Amino acid sequence: MTDQDISIPEPKGDPESDGEADANEQAYWSENIRLLWTLMAVWFVVSFGAGILFRDFLDQFSLGGYPLGFWFAQQGSIYVFVLLIFYYTWKMKRIERKYDLDD
Amino acid sequence: MDTQTLIYLFVGLSFSLYIGIAIWTRAGSTKEFYIAGGGVHPVVNGMATAADWMSAASFISMAGIIAFAGYDGSVYLMGWTGGYVVLALLLAPYLRKFGQFTVPDFIGTRYYSKAARVVAVICLIFISFTYIAGQMRGVGIVFSRFLDVPITLGVIIGMGIVFFYAVLGGMKGVTYTQVAQYCVLIFAYMVPAFFISFLVTGNPIPQLGLGSTVNDGSGLYVLQKLDLVLQDMGFGAYTDGSKSMIDVFCITAALMVGTAGLPHVIVRFFTVPKASDARKSAGWALIFIALLYTTAPAIGAFARINFIETVDQTEYAEAPGWFKNWEANDLIAWTDKNGDGKMEYRSGDAFAGSPEFTGETGKNGERLIANAVNTESENEVYVDKDIMVLANPEIANLPGWVIALVAAGGLAAALSTAAGLLLVISSSISHDLLKQTFRPQITEKGELMAARIAATAAIVVAGYLGIYPPGWVAQVVAFAFGLAAASLFPAIFMGIFWKSMNKEGAIAGMVSGLVFTFSYIAYFKLIAPEANVAANWLFGISPEGIGVAGMIINFAIAIGVSKMTASPPVEVLKMIDSIRVPRGAGDAVSH
């Protein structure tokens with residue numbers, strides 16, 4: 001099979017662009033990346049941190065009848081995941097409006 | 001009405017609902033067939049994604065696995081939900097903005113290469129077929145136990161139903177049937193959970209019940225009691241695991257990243273109108289999923305308590321009806337080691353392997369087994385983990401209609417996932433292999449016909465695997481995640497976040513990740529299963545978690561090769577800029 005170049009859909013942005021995003025888009029993108037780092041850190045801490053790496057330490061505390069580390073592993077992390085996605089959705093909408101890039 | 005009639009009624013009603021929806025939502029164009037026309041409301045798509053995602057494994061097996069694994073079962077709970085955060089934050093909105101039909105579409109265009117597209121199709125087919133065989137097995141189990149039909153006939157009926165709505169309706173039909181299936185399956189899961197939580201703890205909300213005290217006057221919390229009872233019987237404590245920390249870590253990570261790399265899940269986010277809808281939709285999907293996933297550990301714990309209290313030290317002659325029903329279906333066995341006529345349930349295997357029944361019955365009426373008895377353990381009871389959810393309503397003496405509901409729910413879970421998988425297999429063949437690679441001159445009508453033929457062929461293969469499961473199928477299902485994590489995820493993720501990633505890097509990465517992960521799994525599961533112990537594993541990582549190592553290899557090779565070869569052309573850089581901003585995601589590009 002030949003692997004010749006195939007057509008790429010024309011991007012809808014600035015036709016004069018040379019593959020470098022404009023300053024506004026770059027600022028938007030770096031703000032998005034900062035937010036992603038923060039939220040992915042929370043994602044890591046509640047699951048891999050509280051539910052696995054520090055579970056034994058957290059298990060000395062309890063939440064009702066749940067040892068705390070066990071609770072994070074089987075309940076708490078999942079609740080935080082839901083909150084994370086909705087927070088990101090809400091926050092991104094604001095960031096996109098700020099840079100006038102919303103859909 | 002007796003339970004059997006109710007089961008026929010509930011299953012029959014749910015099946016006619018699915019067929020009715022299929023007729024109502026027939027697909028007329030490739031765009032409707034592949035992505036339901038691209039106009040699905042984010043909440044509706046979230047619900048369809050939840051049904052697409054929650055398979056027979058989630059509905060039937062997961063609570064049972066947790067019941068017997070305790071803390072170790074957490075890998076599935078965190079792994080199969082945390083993946084949605086990865087999906088919503090790192091992949092879904094950008095892929096929606098890209099706006100085409102399939103996952104190989106993205107890889108083929110982003111890496112300006114037909115070879116990359118074909119490699120992605122191969123990864124996709126590998127992942128999807130390992131996954132689908134398990135669904136058909138689930139359909140077979142439900143049919144044989146609840147509807148008293150042979151497994152073969154059960155699988156054929158299931159194939160017929162899926163054929164009807166997946167082939168006729170394409171993504172459009174599948175989306176709306178999945179919404180109906182979600183409603184059936186969540187209702188079927190929650191109703192017995194409320195009952196059992198109330199019976200065991202006095203609190204009907206299972207998530208709270210699991211943290212409450214047991215209703216037996218002892219004042220002990222549920223988890224405390226389980227720990228005590230299990231340790232008395234020689235098991236490890238429920239809240240402690242037996243897996244090593246690194247293995248728990250790697251399995252969780254492989255399942256999370258694998259979830260985000262599963263083509264049949266990703267493609268659901270192509271069906272919403274806008275990039276921001278893809279984020280919202282992933283959030284709703286996770287809410288619908290979390291409802292079941294936070295309930296499962298409660299069901300697991302309650303089921304374990306109920307099972308111990310009903311079975312241990314009970315005379316076989318007095319055993320409840322469900323015990324004998326499942327024994328008749330080969331999923332429970334009892335061998336009276338000490339000849340006292342009572343069932344001793346202890347830690348350790350009662351005998352080697354799965355039961356092989358001799359066809360004769362013992363003096364208590366039990367089915368005799370031919371397996372070598374394990375003399376090192378006092379345990380006399382063999383129980384297949386899969387039955388915990390299905391038998392739970394019977395164990396807890398719930399009314400017949402609840403049992404009927406669970407049968408319909410198990411079928412809904414298996415069929416909805418099977419349909420989603422069939423669809424990505426068929427569209428990768430008709431769209432990626434035919435239209436985009438080998439037969440570009442094909443008309444839209446021809447492409448739609450090819451998609452339907454490919455879906456039909458995929459159903460037949462899946463059904464065959466369900467009727468004649470090769471020994472390895474059930475075990476291999478969980479490995480679909482490792483393969484997805486090691487092959488597709490890095491290519492998609494880097495395609496969005498790292499502009500310098502090029503064709504050569506992506507192909508080398510995908511191939512090495514897939515080959516490494518597949519070889520590791522095949523070695524320990526197929527070639528040398530006796531060597532599958534922690535001492536032989538790479539860094540103590542089991543085959544279930546090895547996808548993470550495969551992913552790291554993929555990333556390393558992809559980055560190294562990309563740095564040594566030419567950077568991507570300017571059009572591709574422009575395309576990356578365009579998918580990074582949400583504005584302008586209109587209709588999917590028709591071509």
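## A buried threonine in chain B

A residue counts as buried if 20 or more other C-beta atoms, placed from the backbone, lie within 10 Å of its own, as exposed if 12 or fewer do, and as partly exposed in between. T295(B) has 23 other C-beta atoms within 10 Å and is therefore buried. This is a predicted model, in which local features need pLDDT of at least 70, side-chain atom pairs count only at pLDDT 80 or more, and totals for chains, interfaces and linings use all residues. Residues are numbered from 1 along each chain as its sequence is written, while chains are lettered from A and ligands numbered from 1 in the order in which they are written.

T295(B) belongs to helix α13 of chain B, helices being DSSP runs of H or I with at least four residues, numbered from the N terminus. Neighbours within four places in sequence aside, T295(B) is in contact with Y189(B), M190(B), A193(B), P206(B) and Q207(B), where contact requires C-beta atoms, placed from the backbone, within 7 Å.

## Where chain B meets chain A

In the model, 56 residues of chain B are in contact with 48 residues of chain A. Among the elements that give two or more residues to this side of chain B are α5, α7 and α23, but α13(B) gives the most, with 12 residues.

## The pair α7 and α8

The axes of α7(B), residues 114-146, and α8(B), residues 151-201, come within 8 Å and cross at roughly 120 degrees. Residues of α7(B) including M136(B) and F143(B) meet residues of α8(B) including I151(B) and I157(B).

Note on methods:
Axes fitted to C-alpha atoms, helices over the stretch in contact; angles between N-to-C directions. Contact = placed C-beta atoms within 7 Å.
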